[in-house]
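Biologist: I would like a close look at a single part of this model. Please take it slowly and stay with what the coordinates show.

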Amino acid sequence: MTVIGLRIARPGAIASRRSLRVLEHDLLVFRRGWFSYLLSGLSQPFLYLVAMGIGLGLYVNRNGSLPGGVPYLDYIAPALLVTQAMMAGAFEAAWPIMGKITWDGTYEAALNTPLSACDLLLGDLMWIGFRATLLSVLFLLVIAVLGAAASPLVVLAVPVAVLTALAFAAPIMAFTATQSRDSGFNALFRFGITPLFLFSGTFFPIEKLPLFLQPLAWITPLYHGVAAARSLSLGQVEPVGLTVHISALAVVVVAGVAAGRITFRRRLVV
Amino acid sequence: MPETAPATAPLIHARGLRKCFGAFTAVDGVDFDVAPGEAFGFLGPNGAGKTSTMRMIGTVSPVTSGTLTVFGLDPARHGAKIRTRLGVVPQADTLDNELSVLENLLIYGRYFDLSWAESRRRAIELLEFVQLTDRANDKVEPLSGGMKRRLVIARSLINEPSLLLLDEPTTGLDPQARHLLWDRLYRLKQRGVTLCLTTHYMDEAEQLCDRLVVMDRAKIVAEGSPRQLIEKYVTKEVLELRFPRAEGEADDSAHLDGQLDGLAERIEQLPDRVLVYTADGEAAVATAFERGLRPASVLVRRSTLEDVFLRLTGRSLIE
Amino acid sequence: MLALRTYRPLPLTRPARIVQRNMLVYRHSFMVIFSGFFEPLFYLFSMGFGVGALIGNVPLGNGSSVSYAVFIAPALLASSSMNGAIYETSNNFFYKLKHAKIYDAIIATPMSLTDVARGEVMWALMRGSLYAVGFIVVVAVLGLAGLGLLTSPLGLLAFPAAMVVGYAFAGAGMAATTFVRQWRDFDYMQLAIMPMFLFSGTFYPIDAYPPALQAFVQCTPLYRGVHLIRALTTGTPDATLLIDLAYLIALGSIGLAITSRRLGKLLQS
């Protein structure tokens, strides 16, 4: 028995197919709310692009002050695609996960089955990836309708956006598992996510930021996601730059999952 | 311990089992065995360590020290394997309010690697068993407490477990709901499912448990069948006497000093009544009247586990 | 025997109890309140200065033109009043109404439903006023630093004006929340709020719209709020401000009245 035990019991094993069950659970819940989700998934990008890209763009384009004289709509469309995915990833990793850990007892119930804490982490991360994919594809449709991309490579901005979403979701899930109340999220969003949305090169080039703030922008995952998606969408791809951006995001995802494995076990297995 | 040890290999085996949370010891070196087919109870006040023990058996809480095996397996290494054969009814309902009654069972079956078809087949059968068939497609939230509890029990049976862990299964339910639940649990026991439950209801323990342990302050303080415990720790009958309050006295029975001495082996004076523990209640009443006592009310009753419980864990509130 | 005396509280005494209750709750999460102050400032720096650098000056309706930061600062104040009021009266109010069920306990006391509705609006306004004061102070300080955001002393009236905007949306938001059945329904509420935030002349003048659309936008409450505050901070008031005020106060009051009636249906049925 001990011998067999040693062979099959690998608490360090990364994933089990059981994490797919968690994804199934989330999809089952999603079946009820998909309509309003798709509706806001289409209307939000549309409204933002029309207001900021076209409306505000009228005043920006007048001066032609963007690098290469790019139209403002084309400039912000890929950035908004990525920031929307970031917002979704960050949000889903905060309150809903907190609910499953504490208020609803969903994880407690699941842990009474053969599932492990790591299965829960990976399953719900996959779920967040799924939602981000859905939102990004809808956003891409809006971009296509408004003609807001210069290159067909914009299609590849979708996986970049999903990777960005995961780069926020994974560390935030790890953080959520360390919190006993949701009040920490407030500071996280107000002082983390919102400033990133506003200052990571989404609405204006980071060269317009004060000099001392620029390096700060480089180390944020959102900046890399925005830069990668924008280069694809504008058809101005630099292979080296793109590789750096993608690797930076991938590193954050891996680090986030590693941290999450520790915090999830610490929180749920007591 | 030796004379109560079951003949067959125990389903749960614990020796010197401890659980600490930092400096706090929730379970302090307990020994017990649960035999296949048995209904075993943990009885104790809040905070006695019942739930911590259950969570260790359920393999969701690591053992701090001591020995614990479930189905002969070590929870630390075979957690998933043990849980495959385990049904758990946690203290809180932990149902998914966003899913329907049926869906709650379906997805739980998936967690046990059942196919959708098999999961559905069992779910429909179990809804029948817990009398929730007509609510199958309703949301969970509007269900009554008793219905939710029945649904959680159905959920815990989706993997056809051979051992069912129930943490305070009927707390907060009305009498009808409790009796319905007891009935279902009794049927499960007849089918050979081993039951392991915690409760602080004495009637529940007497109804359901073949054998039980009384826990208090992280330790087991008594063990046996309900009858054995009553015989060991209290007398067969209890006589309850109430006296009219004399002028200017705080307690109703304060003026009795000494008059009851020798009436029985144990007498307990409470602020509102006197409990006389005796083998023959009627005889004690007669003696009391012979001594000229004139109680306002007299009640002779059989001893219950409640008397055992209060004897062992005291009357003061623990929380 | 004590005779039962009729206790007649001043009109806002009982609603103030709701405010006191909320203050007790938030005493422990001061950060939640405090952090809200930064959101409009971040927007001001990002849009006003970052995007402003791409834009330069923007025409005001009266022929003059101002820097982009001066243009959007009042709009951000108005939107932040709207968002604060909506947040407090949507998610938070719904939680207390449906999940925590605190009003069920409260109306078992001498408190009335109107007291509850008024109290929550008072609370939302107090919270909003903190943010408005903070924002105006920062804008004024930046002005002293030579950035010239507040071009008229009338700008100080932006504070009461922001309160009026908050009142309008607190009343309307609370009334809407009484019709909400589940959390998902807030997606639809967001579907009304977001377009207003984006298209009500907040980020750019509405002159670019076709006339029919212009007329429509002018009928939305946020447009009236932005119009009111912008006229004050840029020192260009005229008689149309009275329309703004009347519109916003009416919206808030009607919302409150609807809320009291709906709460009666929800809690006393």
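Biologist: Which domains does the domain assignment of chain B give? After that, please look closely at helix 8 of chain B: which of its residues are buried, and what covers them?

Modeller: This is a predicted model. For chain B, the assignment gives domain 1 as residues 2–231 and domain 2 as residues 235–302. The centres of domain 1 and domain 2 of chain B, taken over C-alpha atoms, are separated by 41 Å.

Now to the helix. Helix 8 of chain B runs over residues 226–233, and its buried residues include B:P226, B:L229, B:I230 and B:Y233. These four lie on the same side of helix 8 of chain B because they cover an arc of only 100° around the axis. The other side of the helix carries B:R227 and B:K232, which are exposed. As for the cover over the buried residues, it includes two helices of chain B, helix 7 (202–208) and helix 10 (305–313). Strand 8 (211–216) and strand 9 (219–224) of chain B are also among the covering elements.

For context, there is also a sheet in chain B. It is open, made of 3 strands in the order 2-1-4, with antiparallel pairing. Strand 2 (24–34) and strand 4 (65–70) of chain B are the edge strands, each pairing on one side only. From one strand to the next, the twist averages 25°. Strand 1 (residues 12–21) and strand 2 of chain B are joined by 8 bridges in the antiparallel sense. Opposite B:L17 stands B:V30, in strand 2 of chain B.

Technical notes: Residues are numbered from 1 along each chain as its sequence is written. Chains are lettered from A and ligands numbered from 1 in the order in which they are written. This is a predicted model: local features need pLDDT of at least 70, side-chain atom pairs count only at pLDDT 80 or more; totals for chains, interfaces and linings use all residues. Two strands pair if DSSP finds at least two bridges between them. Axes are lines fitted to C-alpha atoms, for helices over the stretch in contact, and angles run from 0 to 180 degrees between N-to-C directions. Domain bounds come from an automatic or database domain assignment. A residue is buried if 20 or more other C-beta atoms lie within 10 Å of its own, exposed if 12 or fewer, and partly exposed in between; C-beta atoms are placed from the backbone. The arc is that of the directions from the helix axis to the C-beta atoms. Two residues are in contact if their C-beta atoms, placed from the backbone, lie within 7 Å.
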